[in-house]
Amino acid sequence: MHDTPALFTVEDYAARMSRAARDAAETGLAGLLITPGPDLTWLCGYRPATTERLTLLVLTPGSEPRLLVPSLERPDAESAPGADAVRISDWRDGQDPYAAATGLLLPNGRYAVSDTTWALHLLGLQEALPLTTYRPLTVVLPLLRAVKDDHEVARLASAAAAADAVYEEILAVRFTGRRESEVAADLARLLREQGHSQVVTVVASGRNSADPHHRTGERTLKKGDVVILDLGGLKDGYASHLTRTVHVGEPTEEERTAHDLVRTAQQAAFEAVAPGATCQEVDRGARRWIEDAGYGKYAAERTGHGIGVTAHEPPHLTGGEETFLVPGMCFSIGSGVHLPGRFGVRVEDVVTCTADGGRRLNAADRGLAIVA
């Protein structure tokens, strides 16, 4: 039903940590401090629970990566796929974990800290080493995870193919007379059957489709409804994100026209993807069509966002974002219009930048599907 991706090697994790430390040095940092969350998983393959017990990966230029863990969690840390690329030390309950961390840090160092770090831990480090200073990781190194290697792109492609298969299956499901939550549950079940370990689904029907931030509710779907299906999650540690618009029964001419416009705008954004193009140029590729058609004030706020071990990460495809695209960057590209109190339309795929343009990782039909 779903493929098994190639495993990341110790060498893969070692290369990631080495590059991260080098990038830190180039921005004038003493190093990076990584606590449980997506950064830790990506850097060394360790995925512990986030608790009040301090777990800290320390990456400093020219030094071996160090991982400080609670003693009772050391066996799990030592079994992580990237464990052989780090030196592990531990602390025991009753000891001060922040005192244990001081030996790994410069007393007046300037560090970037992963965004998921608890305030409890950051304040504890500051108290133990009052001359150290800290910056959010995504502020100083926003593109740390942005460029994917071939194995990462393959995982994203596998997750995208799974989402495509789910969309094809959901088209055969009855919509009329069922609640949004019931259709969303079908999507969640199908995603899990296609190998997703985590799922996120949104079903927005009728007037709800005009709300770009709608959360699946209990509205009953009926004939004549526009329905936005937003589905994805994590498969083998990498995210999927697919959005399609369907219609219960035959749509009106206005609804077809709006969908054709959104589909054309999304295609224009895709065609703007190329090495050296900026994120805002991709955004403008879609926005120009919608504005020229007179729907500018109803357009989605941004065209897309980076995707990888999380569903939303830098870079962001939006106005004012001047980051240049490079091969290996992966992101969602979507376009949409939302007419308040009436209906909305959205189409979104995952795309990767290649040496000569862009490649869609989603292949699901982008037409306006008719459902029963």
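In which hand does α9 pass α10 in their crossing? I started with this pair, in what is a predicted model where local features need pLDDT of at least 70, side-chain atom pairs count only at pLDDT 80 or more, and totals for chains, interfaces and linings use all residues. Residues are numbered from 1 along each chain as its sequence is written, and side-chain values use heavy atoms, with hydrogens and water left out.

**Helix pair**

I found that the crossing of α9 past α10 is right-handed; that term applies if the near helix is turned clockwise from the far one by less than a right angle, and left-handed if anticlockwise. Helices (H or I, at least four residues) and strands (E, at least two) are DSSP runs, numbered from the N terminus. I read an angle of about 155 degrees between α9 (residues 253-271) and α10, with the axes 7 Å apart. α9 is therefore roughly antiparallel to α10, a label for angles over 145 degrees. The axes are lines fitted to C-alpha atoms over the stretch in contact, and angles run from 0 to 180 degrees between N-to-C directions.

**Cavities**

A cavity here is a set of points on a 1 Å grid over the protein atoms alone where a 1.4 Å probe fits but cannot get out, and lining residues have an atom within 4 Å of a point. Grid points are joined across faces, edges and corners, and a volume is the space filled by probe spheres set on the points. I got three cavities of 30 Å³ or more.

The largest cavity holds about 70 Å³. Its lining has 13 residues, and P36, T50, T51, R53 and H121 lie nearest its centre. I sorted that lining into four nonpolar, seven polar and two charged residues. Ala, Val, Leu, Ile, Met, Phe, Trp, Tyr, Cys and Pro count as nonpolar, Asp, Glu, Lys and Arg as charged, and the others, Gly among them, as polar.

The second largest cavity has a volume of about 50 Å³. Its lining includes D283, R287, R302 and G336. Two or more lining residues come from each of α10 (279-292) and β12 (330-339), and α10 gives the most, with four. By class I have four nonpolar, four polar and three charged residues there.

**Backbone**

Most residues other than glycine have a negative phi, and most peptide bonds are trans. I noted D236 for a positive phi, near 55 degrees. D236 sits in the loop between β8 (226-235) and β9 (238-248). I also noted that the P314 to P315 peptide bond is cis, with omega near 0 degrees. P315 belongs to strand β11 (residues 313-317).

Note on methods
On a 1 Å grid over the protein atoms alone, a cavity is a set of points where a 1.4 Å probe fits but cannot get out, and a pocket is an open set with protein on both sides within 12 Å along at least five of seven lines; lining residues have an atom within 4 Å of a point. Angles under 35 degrees count as roughly parallel, over 145 as roughly antiparallel, 65 to 115 as roughly perpendicular and the rest as oblique.
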